[in-house]
Amino acid sequence: ALQMYKKALQIQLATVGEQHPATAFTYNSIGGVLDNKGEFDQALQTFEKALKIRLAMLGEQHPSTAAAYNNIGLVYQKQGIYGKALEHYERALAVHGEQHPDTANTYNNMGVVYQTQGMYDKALEHYERALKIFLVVLGEQHPDTASTYNNMGVVYQTQGIYDKALEHYERALKIKLAIFGEQHPDTAMTKGNIGRALSKMPGRTAEGKALLQECVATMTAILGAGHPNIRYYQSQLAALEQ
């Protein structure tokens with residue numbers, strides 16, 4: 001894919017030139033491939049080229065410009081450069097109105113940054129903003145709504161507020177069961193998260209262990225025994241069995 005995009009870029013530079021939305025789109029596609037390969041510095045350089053063109057051709061208040069800011073923020077987030085990530089997410093937020101899925105996704109991204117830094121109240125604040133928008137524009141029965149419930153559950157779990165964690169995990173599970181069914185990795189992982197929360201609650205360790213076992217068995221059947229997500233839940237289960 002990378003070579004194909006690079007060939008397309010050469011043609012575009014020769015025909016429509018650097019300052020064209022199509023050229024920016026191809027820079028953005030190249031940046032996405034580099035990001036997925038973990039080549040973050042090169043990805044940033046390429047995303048910055050796309051952003052520069054979009055600012056010149058489309059202006060600050062355009063969805064494609066917001067997408068460029070968000071892409072750059074995601075790369076900085078992966079690099080652990082959280083201040084830069086938040087700076088770019090804030091710029092993306094300024095483009096769309098409050099009631100827009102992209103705004104909710106950006107709030108979610110910001111929540112992850114704050115969560116990673118241990119700023120749990122700020123993380124919950126941003127997840128709650130994302131959830132409020134998702135419920136309005138996408139509804140309860142949507143994977144993004146479920147993911148946000150799950151993210152909030154993880155924060156509450158980390159804070160040791162297990163009843164709130166369980167409440168949010170169970171909401172996520174209800175949605176995932178309706179959308180994906182039982183035999184899906186996302187459903188299994190949410191059951192695993194419920195198991196983690198239950199295992200910390202008085203008198204519910206056996207319930208938690210059973211759900212973690214179910215999570216590992218389902219994910220192993222679907223993804224194969226060596227998948228990294230399975231190893232995480234296996235470690236949680238092993239800790240209960242010691």
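Contact here means heavy atoms within 4.5 Å. This is a predicted model, where local features need pLDDT of at least 70, side-chain atom pairs count only at pLDDT 80 or more, and totals for chains, interfaces and linings use all residues. Residues are numbered from 1 along each chain as its sequence is written, and side-chain values use heavy atoms, with hydrogens and water left out.

View 1. Helices (H or I, at least four residues) and strands (E, at least two) are DSSP runs, numbered from the N terminus. The C-alpha trace spans about 70 × 35 × 30 Å along its principal axes. Take the contacts between residues at least 6 apart in sequence: 51% of them join residues at least 24 apart. Of the 242 residues, 44% count as buried (under 20% relative accessible area; exposed is over 50%, partly exposed in between; 1.4 Å probe, protein chains only).

**View 2. The largest nonpolar core holds 53 residues.** A nonpolar core is a set of buried Ala, Val, Leu, Ile, Met, Phe, Trp, Tyr and Cys residues joined through side-chain atoms within 4.5 Å. Ile72, Met110, Tyr169 and Ile194 have the most contacts inside this one. Helix H7 (residues 120-137) gives the core its largest share, seven residues. Apart from it lies another core, of nine residues, with Leu212, Cys215, Val216 and Tyr233 among them.

**View 3. Here is a close-up of isoleucine 194 and its contacts.** Skip the neighbours within four places in sequence, and isoleucine 194 touches Leu166, Tyr169, Glu170, Leu173 and Leu211.

**View 4. Glutamine 157 sits in helix H8 (residues 143-158).** This glutamine 157 is buried, with a relative accessible area of 7%. Leaving out neighbours within four places in sequence, glutamine 157 is in contact with Tyr162, Ala165, Tyr169, Asn193, Arg196, Ala197 and Lys200.

**View 5. Now for the aromatic pair; the count comes to one.** For the rule, rings of Phe, Tyr and Trp (its six-membered ring) pair if their centres lie within 6.5 Å; planes under 30 degrees apart count as stacked, over 60 as edge-to-face and the rest as tilted. Tyrosine 232 is partly exposed, at a relative accessible area of 35%, whereas tyrosine 233 is buried, at 5%.
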